[in-house]
Amino acid sequence: MFPSLSADCLRRRHAAVLSLWLGPGEDRLPAFATHQVGVAGERDNNQELTRGNRNRTKNAWKFPGGLSDLGENIDETAVWEVFEETGVRSQFRSLLSIRQQHKLPGAFGMSDMYLICRLSPLSHHINLCTQECLRCEWLDLSELAETSETTPITSRIATLLLYGLDNGFHDIDLTMKQLPAVYPGSFYQLYHRRLPEV
């Protein structure tokens, strides 16, 4: 049995992991990590917090976000990344959408899962992280949905948020429910549409 490595050790890449299949039959261990999980957060009102990228091929408006750390929940990642990049404190409301992309440049051959969350702001003052962002502003959703200075996913999510503001988020939100896992003492987060009130 191999000793387990701490999440902190793996996060900082101070370790190399070797494996040897000891069970019967063919080796069923994955060759390497196959996905990375990125999370972005945005507000649920008519103004949206956006940032311009540093170190990207296109400096376009996008939602604040970043990669989820090992053992970190989606809601925690969204709230933390928005705060880290913009200084704005927020609260998780729901999961809005998921993008899956393969052969993403810069992802070392992994597939990318990008989860976009709806947040409610708890503060409004911007304190820009200059290491990751060139600029950061509150923009009107209608402007963000139609500007050429954004990415297709940002424009689409802005349109989705406008729909939610006009018609209610009950048709588009995926809410989170923590449930007990089959393993004693373990829990997981399940995201799904809201169930009708009974």
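This is a predicted model: local features need pLDDT of at least 70, side-chain atom pairs count only at pLDDT 80 or more; totals for chains, interfaces and linings use all residues.
A residue counts as buried under 20% relative accessible area, as exposed over 50%, and as partly exposed in between. With 43% relative accessibility, Arg194 therefore falls into the partly exposed class.

Of its 198 residues, 36% count as buried. The accessible surface amounts to about 12900 Å², and carbon and sulfur atoms account for 54% of that surface. Among contacts between residues at least 6 apart in sequence, 61% join residues at least 24 apart.

Side chains of opposite charge can pair when their charged atoms come close. In this model the count comes to three salt bridges. One of them links Arg99 to Asp112, with the closest N and O atoms 2.2 Å apart. Arg99 belongs to strand β5 (residues 90–101) and Asp112 to strand β6 (residues 111–121), so this pair ties together parts that are 13 residues apart in sequence. The two partners can also be described by their accessibility. Arg99 has a relative accessibility of 24% and so counts as partly exposed, whereas Asp112, at 3%, counts as buried.

Strand β6 also supplies a partner for another bridge. Here Asp173 pairs with Arg118, and the closest N and O atoms are 2.4 Å apart. Asp173 sits in the loop between α4 (152–167) and β8 (175–180) while Arg118 is in strand β6, so the pair ties together parts that are 55 residues apart in sequence. Both Asp173 and Arg118 are buried.

Asp173 has a further partner in Arg194, where the closest N and O atoms are 3.6 Å apart. Because Arg194 lies in the segment after β9 (187–192) and Asp173 in the loop between α4 and β8, this bridge ties together parts that are 21 residues apart in sequence. Through shared partners, the salt bridges join Arg118, Asp173 and Arg194 into one network.

Charge also shapes a description of the surface. Glu137, Asp140, Glu143 and Glu149 form a negative surface patch. Within this group, Glu137 is placed in strand β7 (residues 133–140). Its relative accessible area is 37%, and Glu137 is accordingly partly exposed.

With a relative accessibility of 8%, Glu81 counts as buried. Once neighbours within four places in sequence are set aside, Glu81 is in contact with Pro64, Gly65, Gly66 and Leu67.

Ser90 takes the description back to strand β5. Ser90 has 10% relative accessibility and so counts as buried. Leaving out residues up to four places away in sequence, Ser90 touches Val79, Val82, Leu119, Ser120, Pro121 and Leu122. The C-alpha atoms of Ser90 and Ser123 are separated by 7.0 Å, although these residues are 33 residues apart along the chain.

From C-alpha to C-alpha, Thr130 and Thr86 are 9.4 Å apart in space, while 44 residues apart in sequence.

Notes
Residues are numbered from 1 along each chain as its sequence is written. Side-chain values use heavy atoms; hydrogens and water are left out. Patches are made of residues with over 30% relative accessible area and no salt bridge: like charges are joined within 9 Å, nonpolar side chains (Val, Leu, Ile, Met, Phe, Trp, Tyr) within 5 Å. Accessible areas come from the Shrake-Rupley method with a 1.4 Å probe; for residues, only the protein chains shown count as cover. A salt bridge is a side-chain nitrogen of Lys or Arg within 4 Å of a carboxyl oxygen of Asp or Glu. Lys and Arg count as positive and Asp and Glu as negative; His and the chain ends are not counted. The place of a charge is taken as NZ of Lys, CZ of Arg, CG of Asp or CD of Glu. Helices (H or I, at least four residues) and strands (E, at least two) are DSSP runs, numbered from the N terminus. Buried means under 20% relative accessible area, exposed over 50%, partly exposed in between (1.4 Å probe, protein chains only). Contact means heavy atoms within 4.5 Å.
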